[in-house]
Amino acid sequence: PKTDIVFLKVHKSASSTVMNILFRFGETHNLTFAFPQGGGFQLYYPRHFMARFVQGFSPLSPQRFNILCHHMRFLQPEVQKVVPSSAVYFSILRNPVQLMESSFVYYKGASAFSRVRSLEEFLSQPYRYYSPARGDRHYARNLMTFDFGFNPDGDASPERVQLMLKAIEASFDFLLISEYFDESMVLLKEMLCWDLDSIVSFPLNIRDSSTKSPLPDSVVEKLKAWNRLDWEIYTHFNRTFWERIDRDIGRERLRREVKALRERQAELARTCLQGTGSVAPKDIKDSSLRPLQHGGARILGYNLKQGLAQELERTCRRLVTPELQYSSLLYKKQFPPPPP
């Protein structure tokens, strides 16, 4: 199994679920994580990543970390200073239309969104609300482009787009697609030589459907145009994703593996969870399993069954531990506080 990994955690793209998979794998195999200085949750995002943002990094010592997966704005020469040269680089993308709808609800406090009631209103005159000079502008335009390290207000000429796609392909071994999450996990397992239980997950950091609303076609077209660079990245890598599946796995085996993954996840859900799945934040009984609530979104969580055997309880708990809590736990393990 591959143990040196760089995961570019793209916002609002099922990346918290992928991060949980990496946290569990790293913890099981006693790997080291490149944590933000002081145990924060983002690597000084939205600044471009620098090696010195990582706790325990020193230019004088050649120590490398196994897994880099916290939110960052990608800058490969700096990333290469903190991970081994053998590291596998991957990320996950989401359809920019749904991505922006999610971003609008989640980052409602961002300067571009705070004065509008709806995405339609924002898109009717985006430059009335959006300023390229604002430090939080990326939440409102080409968020994936920004996370990959490029200018979200850049020119979308075919030449520029090609350069950007080539740069991403040169840096990343593969890109997953959140709309095909289970298929993506099968590809991840294949590329990293992991086993089935390493890639099982329950969806984390997901929104209650009451805050989701379908977008009219006219808005969808405006969203694509406004997020043109993201749209180019998404359509290109959605295509290469399926080319990779056909080349490395084949559709028939893919179907079998997706089925096996879903069956295993259903079995774990029956074993671990009270009820049939995720619940509203107010209904989560164990406060340590309550995810951070942000913006206008209601982020769902889980309740574990009572009385599980110790080892099983641990497995189940790890599957449903929200990102911030899990990150803190692993940080304390890797950097134990000095005894009083």
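**Helices, pockets and a cavity**

Mentor: Start with two helices in contact: N20, R24 and E27 in α1 meet R314, R318 and L319 in α13. Keep in mind that this is a predicted model.

Trainee: What classes of residue make up the contact of α1 with α13?
Mentor: There are 4 charged residues, 1 polar and 1 nonpolar.

Trainee: And at what angle do α1 and α13 pack?
Mentor: About 145 degrees. Their axes are 9 Å apart.

Trainee: Which residues of α13 are buried?
Mentor: C316, R318, L319 and V320. That helix covers residues 310–320.

Trainee: What do the buried residues of α13 pack against?
Mentor: Three helices are listed: α1, α12 and α14.

Trainee: New topic. Which residues are buried in α10?
Mentor: V219, V220, L223 and W226. They sit on the same side of α10, because they cover an arc of only 130 degrees around the axis.

Trainee: Why do residues three or four places apart point the same way?
Mentor: Because an α-helix has 3.6 residues a turn.

Trainee: Which exposed residues are on the face of α10 turned away from its buried side?
Mentor: D217 and A225.

Trainee: And what does the buried side meet?
Mentor: The buried residues of α10 pack against α3, α4, α5 and α11.

Trainee: How about the second largest pocket?
Mentor: Its volume is about 410 Å³. The lining has 20 residues, and R24, T28, D197, S198 and T315 are nearest the centre. Here α13 gives the most, with 5 residues.

Trainee: What classes are in the lining of the second largest pocket?
Mentor: It has 8 nonpolar, 8 charged and 4 polar residues.

Trainee: Last one. How many cavities of 30 Å³ or more are there?
Mentor: The count is 1.

Trainee: Which helix has the largest share of the cavity lining?
Mentor: Helix α3, with 4 residues. The lining of the cavity divides into 5 nonpolar, 3 polar and 2 charged residues.

Technical notes:
Residues numbered from 1 in each chain as written. Predicted model: local features only at pLDDT ≥ 70, side-chain atom pairs only at ≥ 80, totals over all residues. Heavy atoms only, no water. 1 Å grid on protein atoms, 1.4 Å probe; cavity = no way out; pocket = protein on both sides within 12 Å on 5 of 7 lines; lining within 4 Å. Points joined across faces, edges and corners; volume = space filled by probe spheres on them. Nonpolar A, V, L, I, M, F, W, Y, C, P; charged D, E, K, R; others polar. Buried < 20%, exposed > 50% of the residue type's maximum accessible area, 1.4 Å probe, protein only. Contact = heavy atoms within 4.5 Å. Arc of directions from axis to C-beta. Axes fitted to C-alpha atoms, helices over the stretch in contact; angles between N-to-C directions.
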